[in-house]
Amino acid sequence: MSKFSKKRSGTSPSISTASLPDIIFILLFFFMVVTVMRTAELKVRVFTPYVTELTKLEEKSLVNYLYIGRPIQKFQALYGTKPRLQLGDKFAELNEIPLFLEKHRVKVPESKRPRITSSLRVDGDVTMGIVQDTKTQLRKSGQLKVNYSAKKKVDSERF
Amino acid sequence: MAKASKARDLMKNEINASSMADIAFLLLIFFLVTTTVAEDKGITVKLPPWSEEEAEELKLKSRNVYSVLVNAQNQLLVRNQPMDINDLRDNAKEFIMNPSGRPDLAEKPTRAIISLKNDRGTNYRTYLEVYNELKGAYNELWNELCQRKYGKDYSDELPFAVRKSIQDEIPLVLSEAEPTSFGEEK
């Protein structure tokens, strides 16, 4: 017994940190992969509904985002509380949608253009009026592939 | 000169990697801060093309049409009967497949048409939930059919031909009427 304890005390106990960079790098790569750079600052409150039948959007570069919701507190003095449309990082009127879509379209290679999807990020509490008008504008501009952004609902009853 | 080169040879040519962790940490923290976990999911729909002309009236047998109305009070009227949203999915499934051959339900799945109509004052959340239930009804039917034919669940990863054969048997036809301007928010 005494032999063991003597041997242990003789060596200096230090943990090797040689693998620490590797561990950190793994973490780093994980976050690099899941990161989406925030493209636009939200000026409207968007809290999307919870649903069960979700499809995933494939290529990020083929997606343009349209936000609909009530202006956040900061902008309420200027814009009121009525639901509004946000394109890019500013408030927009409905008739600006075709130009917005065109601006995104020219950046996409021609072969991929039919796969462009419009992601409608709509607050759950707005009424259908403005959503309907937006849909009409999208149809008029020939942008027919639309994704209603939503979050996954965990349904305890069904499963 | 010779002395100097000799000294260089004797030095251990090793890069000090102890700061590597710090560099990696800095990058990590940068990505941690800028990360917003992507919520790029949703219900994908295909809108009908816009046409200026009046749509021609189609004569459909009323037994083949599953009309869903959502009013500005977020209440559901399904085939002229008020309904709770929790019953919608099973009811729609029964309508499409008509397993007991009832005369008031769809003749066959290929003839079934779902007609969805809402008010401008309908809550978006309710609208999407209704849409979700209808899509879910079809998804469940596709799953069942796919399980019977191929022994696996229906998903977008399946080959196109397989998906096509499923879709041909139970096509999703969902027609959305122009909403009535009722209850619009001022």
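At what angle do the axes of helix H4 (residues 97-105) of chain A and helix H5 (residues 128-140) of chain A cross? They cross at roughly 55° and come within 9 Å, where axes are lines fitted to C-alpha atoms, for helices over the stretch in contact, and angles run from 0 to 180 degrees between N-to-C directions. This is a predicted model, in which local features need pLDDT of at least 70 and side-chain atom pairs count only at pLDDT 80 or more, while totals for chains, interfaces and linings use all residues. Residues are numbered from 1 along each chain as its sequence is written, chains are lettered from A in the order in which they are written, and side-chain values use heavy atoms, with hydrogens and water left out.

**Chain make-up**

- Chain A holds five helices and nine strands, with helices (H or I, at least four residues) and strands (E, at least two) taken as DSSP runs numbered from the N terminus.
- Read from the N terminus, the elements of chain A follow the order α-α-β-β-β-β-α-β-β-α-β-α-β-β.
- Chain B has five helices and six strands, and its elements run α-α-β-β-β-β-α-β-α-α-β from the N terminus.
- Of the 159 residues of chain A, 42% count as buried, and of the 186 residues of chain B, 35% do; buried means under 20% relative accessible area, exposed over 50% and partly exposed in between (1.4 Å probe, protein chains only).
- Among contacts (heavy atoms within 4.5 Å) between residues at least 6 apart in sequence, 72% in chain A join residues at least 24 apart, and in chain B the share is 66%.

**Helices H4 and H5 of chain A**

- The crossing angle of roughly 55° makes H4(A) oblique to H5(A), given that angles under 35 degrees count as roughly parallel, over 145 as roughly antiparallel, 65 to 115 as roughly perpendicular and the rest as oblique.
- Ile97(A), Pro98(A) and Leu101(A) of H4(A) make the contact with Thr134(A), Gln137(A) and Leu138(A) of H5(A).
- These contact residues divide into four nonpolar, two polar and no charged, where Ala, Val, Leu, Ile, Met, Phe, Trp, Tyr, Cys and Pro count as nonpolar, Asp, Glu, Lys and Arg as charged, and the others, Gly among them, as polar.
- Thr134(A), found in helix H5 of chain A, counts as buried at 0% relative accessibility.
- Not counting residues up to four places away in sequence, Thr134(A) touches Leu66(A), Ile68(A), Leu94(A), Ile97(A) and Leu120(A).

**Helix H2 of chain A against helix H2 of chain B**

- The axes of H2 (residues 20-34) of chain A and H2 (residues 20-34) of chain B come within 9 Å and cross at roughly 20°, and H2(A) and H2(B) are therefore roughly parallel to each other.
- Among the residues that make this contact are Phe25(A) and Phe31(A) of H2(A), and Phe25(B) and Phe31(B) of H2(B).
- The residues of the contact of H2(A) with H2(B) divide into 16 nonpolar, no polar and no charged.

**Nonpolar cores**

- A nonpolar core is a set of buried Ala, Val, Leu, Ile, Met, Phe, Trp, Tyr and Cys residues joined through side-chain atoms within 4.5 Å.
- Of the 55 residues in the largest nonpolar core, Tyr148(A), Tyr66(B), Leu88(B), Tyr124(B), Val130(B) and Leu134(B) touch the most other members.
- Helix H4 (residues 124-150) of chain B supplies the largest share of this core, 12 residues.
- Apart from this core lies another, of eight residues, including Leu57(A), Tyr67(A), Phe75(A) and Phe91(A).
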